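Welcome to this guided tour. Keep your viewer open, and select each stop as you reach it.

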Amino acid sequence: MQTKTVLGIDLGTQSLKVLFYDMLGKNVIATESAALPLYQNEQGAAEQQANWWLDALHQALAKIDPTIIASTEAIGVSGQQHGFVPLGKNGAVLAPVKLWCDTSTLTECEEIMSAYGGAQQCVAEVGNLILPGFTASKVRWLAKHANAQYEQLDCILLPHDYLNFYLTGERCMEVGDASGTGFLDIRERRWSCRMLHAIDPDRNLAECLPPLHETPGIMGRLRAEVARHTGLREGIPVATGGGDNMMGAIGTGNLSPGRATMSLGTSGTVYAYADSPVIDPQGEISAFCSSTGGWLPLLCTMNCTVTTEQARRVLGTERADFEQQVSRSPAGSQGVITLPFYNGERTPNLPRAKACIIGLDAHNNSPENLLRSALEGATFALRYGVERMRTLGLDTGNVVLTGGGAASATWRQAVADICNVPVTILHQDEGAAFGAALQALSVLESCHPDDLQQLANNHLSRNETLCCEPDESTVTLYTEIYQHYQASVNALTAIYS
């Protein structure tokens, strides 16, 4: 029987991944990735060139067996959220892409919210604060700091939209990823003209926004030029795709109430599906739409595996030795606590913050404690999101864990113990890339949004050997340590607010 696959593409911060899923055999038959450079400076800038993404896509596909590439029936694209891709009329990218982890636009955030009527007005009417990282402030930044390019601006796209544009020639957005711009009214699933006016009162930015898709479907078909350069077949359908968190929700089966996903990637996220908008009056839980017709309230931290990678780098620990090292340190790292704000932070909203390590003494200052403390600090930050979601009425009683950090047995158990939740690991552990592939499969099968949960259930299964339950005594220990962590965050807030 001839193999038929769907292709999931995941554009991350550090790399671009391609995944080919055999939809009949129900197994991933090939994955490859290509690394991405990242420009950062001390002013908080975090940028990439859009052409780096295209180069990485071609590099990753070049590593795949051509017969597998030729078997592709449909494509789905996942991408890092919030990045601002400014296009000119001819489709050329006008400036470097400011990314989700760019904190250089704090002033622009404050200016936009002030022009709108204040932070609470933003939450009340649009559903979200305008935070550093959101696309809105990047648009205003371009107008102020690169006006010549801004004057040429014809279309605003997000990173996954740009890959869709390259693949199909079509310009569009979908409501899940668009939720992270700051200028989508998430209740009504339409652009907020008032917020666009707050960004730039002298220009009608609505004219720069592409069509908006509310539900998943086919957004275009593969261009002949792309087919010639990749070996993919001309004309195969490309699904609407979505932000990495939205595709991660599909890839972890988080498509109906009562499920939660935690992603341990470059950033950390925790999110849960809802049938109606969930608005946090404090603005800490982002009020996002899902890419499947519902909503996806979400907390994001800017420093997750960033934290462990920084600790590993400074200690000279090889990645292959990480698990062995952290397993030598007991829960609580013998009193060492890491506040993991290497890139500033989004939750809590401290874009100017710096990372700190506290509690060191002559007895606990060891590599294994420093490494485990980095892991625990990143998880404490996500525990706050789990608790905050519960106060908003969301069920976070069982967490599906995904992302690179989930490969660590110590980290998996730490999540269970710190958050006091059972942790589920799936055999299909590719998260957003797998979700993009499943969305591609759903458009092939003309699957109605209401049937996506069943589709996911048919293609997902628990990895029982890696799932874990919280340990009662360790939960008690971590509850006390978490209070010390939160007190330390409050002290740091006074310094970096």
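A salt bridge is a side-chain nitrogen of Lys or Arg within 4 Å of a carboxyl oxygen of Asp or Glu. Keep that in mind for the first stops, and remember throughout that you are looking at a predicted model.

**Stop 1: a pair in one helix**

Select Glu309 and Arg312. These two form a salt bridge, with their closest N and O atoms 2.7 Å apart, and that is within the 4 Å cut-off. Now show helix α12, residues 305-315: Glu309 and Arg312 are 3 residues apart in α12, so about one helical turn separates them. Are the two partners buried or partly exposed? Glu309 is partly exposed, because its relative accessibility is 24% and buried means under 20%. Arg312, with a relative accessible area of 12%, is buried.

**Stop 2**

Next, select Arg233 and Glu73. Their side chains meet in a salt bridge at 3.0 Å, N to O. Where does each partner sit? Arg233 is in the loop between α10 (224-230) and β15 (237-239), while Glu73 belongs to strand β6 (residues 72-79), so this pair ties together parts that are 160 residues apart in sequence. Arg233 counts as partly exposed, at 34% relative accessibility. Glu73 is partly exposed too, with a relative accessible area of 23%.

**Stop 2: a buried pair and a network**

Move on to Asp102 and Lys98. Here the closest N and O atoms of the salt bridge are 2.9 Å apart, and both residues are buried.

Then select four residues together: Glu108, Glu111, Arg140 and Lys144. A network of salt bridges links them. Side chains of opposite charge can pair when their charged atoms come close. How many salt bridges does a search of the whole structure find? The total is 17.

**Stop 3: helix α7 and its surroundings**

Select residues 159-168 to bring up helix α7. How many of its residues are buried? The count is 10 of the 10, so α7 is largely enclosed by the rest of the structure. Click along the helix and you will pass buried residues including Pro159, His160, Tyr162, Phe165 and Thr168.

Leu163 is buried, with a relative accessible area of 1%. For a sense of scale, draw a line from the C-alpha atom of Leu163 to that of Gln325: these atoms are separated by 39 Å, and the two residues are 162 apart along the chain.

Just after α7 comes Gly169, which takes a positive phi of about 80 degrees.

The axes of α1 and α7 come within 11 Å and cross at roughly 60 degrees. The two helices are therefore oblique to each other, and their crossing is right-handed.

**Stop 4: helix α11**

Select residues 244-251, which make up helix α11. In α11, 7 of the 8 residues are buried, so this helix is also largely enclosed by the rest of the structure. Among the buried ones are Asn245, Met246, Met247 and Ile250. Just after α11, look for Gly253, where phi is positive, at about 70 degrees.

**Stop 5: another helix crossing**

Show α14 (367-391) together with helix α15 (residues 409-419). Their axes come within 9 Å and cross at roughly 40 degrees. That angle makes α14 oblique to α15. The crossing of α14 and α15 is right-handed.

**Stop 6**

Leu360 is partly exposed, with a relative accessible area of 40%.

**Last stop: helix α2**

Finish at Ala70, in helix α2 (residues 66-70). At 35% relative accessibility, Ala70 counts as partly exposed. From the C-alpha atom of Ala70, draw one more line to the C-alpha atom of Thr465. How far apart are these two atoms? They are separated by 35 Å, with the residues 395 apart along the chain.

How values were computed
Residues are numbered from 1 along each chain as its sequence is written. Side-chain values use heavy atoms; hydrogens and water are left out. Helices (H or I, at least four residues) and strands (E, at least two) are DSSP runs, numbered from the N terminus. Buried means under 20% relative accessible area, exposed over 50%, partly exposed in between (1.4 Å probe, protein chains only). Axes are lines fitted to C-alpha atoms, for helices over the stretch in contact, and angles run from 0 to 180 degrees between N-to-C directions. Angles under 35 degrees count as roughly parallel, over 145 as roughly antiparallel, 65 to 115 as roughly perpendicular and the rest as oblique. A crossing is left-handed if the near helix is turned anticlockwise from the far one by less than a right angle, and right-handed if clockwise.
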